[in-house]
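Hi everyone, thanks for making time.

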Amino acid sequence: GQWVLSDLVHFPGGGLGIFALGIGYFWLSKSLIGKFEAPTTVQGWIKRCQEVLAQFEALEDKDDTPKKNVDRTVALKNIIDRKEPQKIAFVSSNDLDFPEKHLVETTIAGSNSLNLSWFSSLPLKDKSWVWPNSLFEQDLIVYVLPLPLKASDLLWLEKVPDDQPSWVMASSCDMNDWDDQLNALEAQLPHRWTKRILRWNKPDKDISKLLNPIRRVLDQPRRNLALTRKRMLIKLHSSLQADLENLRRNKFRIIQQRTQWVVAGAVFASPVPSTDLLALSVANGLMIKEMASIWSCPWKAQSLQIVARQLAGVAVAQGVVEFSGHALLSVAKLHGSSWFA
């Protein structure tokens, strides 16, 4: 403010500049923490995913939008329309003898329809250790674990999503040492598996009593399906958001380059040094407005504060350069050789 008043209007505004500086420092010194306000309900995540799809339509080229958005919309619709039966998977990292499928199904089904699957093909060695998508979509996981615990099984158990209902079925034939084995296993596994370990000693005569905890969980199908739907929506949103962010950054690069050329041209053509700052602020303000459109960011006090902080930093830097430049020129004019240098 002081530079504009003194250089352009020739008004002595030193006091005004100091006053504005004090207010600006107080406002900009507040700490700012940006965070994503994640929805807490299934409907909230559906609405959020639909908003992301609408942003794709607004930013993508019209030639590419129809096909890509159809695939994204279908993926969202499949999750929304996901209904019974509940999906339960028995999982293992090697070829174990699972309990008899028909016996397990009749034991845990009760009055609820189930879709029971066996997955005994988790690799013992994997570079990424990514939980398979086919298992991610299951409503409940039972990990059949042979004792003693192997490193590969521990790595896979750590990849099971925290919000996915799951149990460990430890395969042990030694009845006498079970308490010691259970204590050792609970000490080795993450805390989430405490009191979620079932003991299976291969004969299936006690399978009904063994699977009682799982049957109680499956008696709430509506809750289990809602949890799975929410988990899948969060994963879909994360994937869509990553693609959208790449698209936004590509759009922003074009705007950024254009703004740099505009600022460079304005600085080169400006007759008064302080108008450089004015041109810089206007050009960056227009760029920020376009960024707000790309990122679908409504103007709030917090976002304005962040913008002002960035522009103020540039203004202070230019002010220091301009002041030191004037001082050096004043000194240099006293001596010709210094001026030449």
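This is a predicted model: local features need pLDDT of at least 70, side-chain atom pairs count only at pLDDT 80 or more; totals for chains, interfaces and linings use all residues.

**Starting at a proline**

Setting aside neighbours within four places in sequence, Pro213 is in contact with Trp167 and Leu198, where contact means heavy atoms within 4.5 Å. Residues are numbered from 1 along each chain as its sequence is written, and side-chain values use heavy atoms, with hydrogens and water left out.

Back to the proline. Pro213 is found in helix H10 (residues 212–218); helices here are DSSP runs (H or I, at least four residues), strands likewise (E, at least two), numbered from the N terminus. Is Pro213 buried or exposed? Pro213 counts as buried because its relative accessibility is 18%, and the cut-offs are under 20% relative accessible area for buried, over 50% for exposed and partly exposed in between, with a 1.4 Å probe and protein chains only. Pro213 and Trp167 are 46 residues apart in sequence, yet C-alpha to C-alpha they are 9.3 Å apart in space.

To call that, NZ of Lys or CZ of Arg has to be within 6 Å of the ring centre and within 35 degrees of the ring normal. Arg231 does this with Phe136, its charged end 5.4 Å from the ring centre.

**The tryptophans**

Now the aromatics. Rings of Phe, Tyr and Trp (its six-membered ring) pair if their centres lie within 6.5 Å; planes under 30 degrees apart are stacked, over 60 edge-to-face, and the rest tilted. How many aromatic pairs does that rule give? The count is four. One of them is Trp131 with Trp156: the centres are 6.3 Å apart and the planes at 55°, so we call that pair tilted. Trp131 comes from the loop between strand S2 (114–119) and helix H6 (133–136), and Trp156 from helix H7 (residues 151–159), 25 residues apart. Trp131 is buried at 8% relative accessibility, and Trp156 is buried at 1%.

Another pair is Phe252 with Trp295, with centres 6.0 Å apart and planes at 70°, so that one is edge-to-face. Phe252 sits in helix H11 (residues 221–269), while Trp295 is in the loop between helix H12 (275–294) and helix H13 (301–332), 43 residues apart. Phe252 is buried at 17% relative accessibility, whereas Trp295, at 23%, is partly exposed.

Together with Trp129 and Trp156 it forms one aromatic cluster. Beyond four places in sequence, its contacts include Leu122, Phe136, Ile141 and Val160. A polar contact of 3.4 Å joins the side chains of Trp131 and Gln164; that term means N or O atoms within 3.5 Å, where within protein one must be able to donate a hydrogen and the other to accept it, and residues adjacent in sequence count only if both atoms are side-chain atoms.

**A buried arginine**

Last stop: Arg72, in helix H4 (residues 65–80). Arg72 counts as buried, at 13% relative accessibility. Which side chain does Arg72 join through a polar contact? That is Glu60, at 2.9 Å. Other contacts of Arg72 beyond four places in sequence include Leu53, Phe56 and Leu240. Leu53 and Phe56 are among the buried residues of H3.
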